[in-house]
Amino acid sequence: MKPDTPALFEYGILTEDSDIRAHVSGVNQTIYVFQTKRGVQAIETYQPPIVYGYQPGVEGPTSSGWLVQPDWIEDLRRVRFASWAGWADLAKPLSTSGKGALAVQCVTQAMRLGRFPIWFDAVEDTRDYVQCARTDLLVFVKKRVQVKCDYTAGDKPLGSGNLYLQKAERNPLKRI
């Protein structure tokens with residue numbers, strides 16, 4: 001980077017407080033879902049080089065991160081979701097925030113349809129009054145999901161073959 005390029009601030013997979021990440025790939029119409037800690041493990045194990053991301057109309061890099069092959073991430077799930085009605089909108093030239101909002105809509109719809117995997121804890125409840133009520137399991141779920149529009153990500157031949165796991169960003173357009 002040139003000396004006068006604004007600094008990138010640590011903001012990504014290493015600093016976020018998420019349990020699960022969902023990378024929405026428009027080219028593959030697929031949501032790549034994995035536990036955040038598994039993404040970090042892939043970075044640590046394979047040590048891919050840092051690459052920079054750019055936004056149209058902005059001088060200099062706007063983010064840095066790693067290109068990670070999906071198969072490097074243990075227990076990654078591919079949710080093929082061709083039936084989602086928003087794919088055409090996601091392909092349009094939109095702001096980063098606009099694409100992010102559509103990615104959240106995609107993931108929310110997948111969740112509502114029961115298509116989104118969530119890792120959670122469950123225990124058998126052996127209390128007599130619960131068993132008499134015909135309940136066998138108690139499920140505890142409180143998960144934080146980070147959603148990313150990673151438009152060209154994912155499996156080849158349509159995708160890049162990688163997911164972009166962000167390390168830092170500049171946020172030049174002052175959008176969150």
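Start with the open sheet of 4 strands in the order S1-S10-S5-S4, where the pairing is antiparallel. Strands here are DSSP runs of E with at least two residues, helices are DSSP runs of H or I with at least four residues, and both are numbered from the N terminus. Two strands count as paired if DSSP finds at least two bridges between them. The model is predicted: local features need pLDDT of at least 70, side-chain atom pairs count only at pLDDT 80 or more, and totals for chains, interfaces and linings use all residues. Residues are numbered from 1 along each chain as its sequence is written, and side-chain values use heavy atoms, with hydrogens and water left out.

Next select residues 63-68 and 163-169, which are S5 and S10; they pair in the antiparallel sense over 6 bridges. Which residue of S10 stands opposite Leu-67? It is Tyr-164. As a general point, strands of a sheet pair through backbone hydrogen bonds, either parallel or antiparallel.

Move to the open sheet of 4 strands with the order S6-S3-S2-S9, whose pairing is mixed. Its edges are S6 (77-80) and S9 (145-149); each has a single partner strand, so one side of each is left without a neighbour in the sheet. On average, neighbouring strands of this sheet are turned by 20° against each other, direction ignored. Angles are taken between axes, which are lines fitted to C-alpha atoms (for helices over the stretch in contact); they run from 0 to 180 degrees between N-to-C directions.

Select S2 (residues 20-25) together with S9: the two pair in the parallel sense over 5 bridges. Within this pair, Val-24 stands opposite Cys-149 in S9.

Helix H1 (residues 36-46) lies across S2 and S3 (30-35), and runs at about 85° to S3.

**A nonpolar patch**

Select Met-111, Ile-118, Phe-120, Leu-137, Val-139 and Val-141. Together they make a nonpolar surface patch of about 500 Å². Patches are made of residues with over 30% relative accessible area and no salt bridge; like charges are joined within 9 Å, and nonpolar side chains (Val, Leu, Ile, Met, Phe, Trp, Tyr) within 5 Å. Accessible areas come from the Shrake-Rupley method with a 1.4 Å probe, and for residues only the protein chains shown count as cover.

Centre on Leu-137, in strand S8 (residues 137-140). Is Leu-137 buried or exposed? It counts as exposed, at 52% relative accessibility; the classes are buried under 20% relative accessible area, exposed over 50%, and partly exposed in between (1.4 Å probe, protein chains only). Not counting residues up to four places away in sequence, Leu-137 touches Val-123 and Glu-124. Ile-118, in the loop between H3 and strand S7 (121-124), counts as partly exposed at 31%.

**Salt bridges**

The structure holds 10 salt bridges, each a side-chain nitrogen of Lys or Arg within 4 Å of a carboxyl oxygen of Asp or Glu. Select Asp-19 and Arg-144, whose side chains meet in one of them (3.3 Å, N to O). Asp-19 is in the loop between S1 and S2 and Arg-144 in the loop between S8 and S9, 125 residues apart.

Then select Arg-78 and Asp-155: the closest N and O atoms of this salt bridge are 2.8 Å apart. Arg-78 lies in S6 and Asp-155 in the loop between S9 and S10, so the pair ties together parts that are 77 residues apart in sequence. Asp-155 also meets Arg-80 in a salt bridge (3.8 Å, N to O).

**Backbone stops**

Select Lys-156 and Pro-157, which are joined by a cis peptide bond with omega of about 15°. Pro-157 lies in the loop between S9 and S10.

Go to Gln-29, in the loop between S2 and S3. Its phi is near 50°, a positive value in a residue other than glycine. End at Asp-75, in the loop between S5 and S6: Asp-75 is not a glycine, yet has a positive phi of about 65°. Asp-75 counts as partly exposed, at 33% relative accessibility.

Definitions and conventions: Contact means heavy atoms within 4.5 Å.
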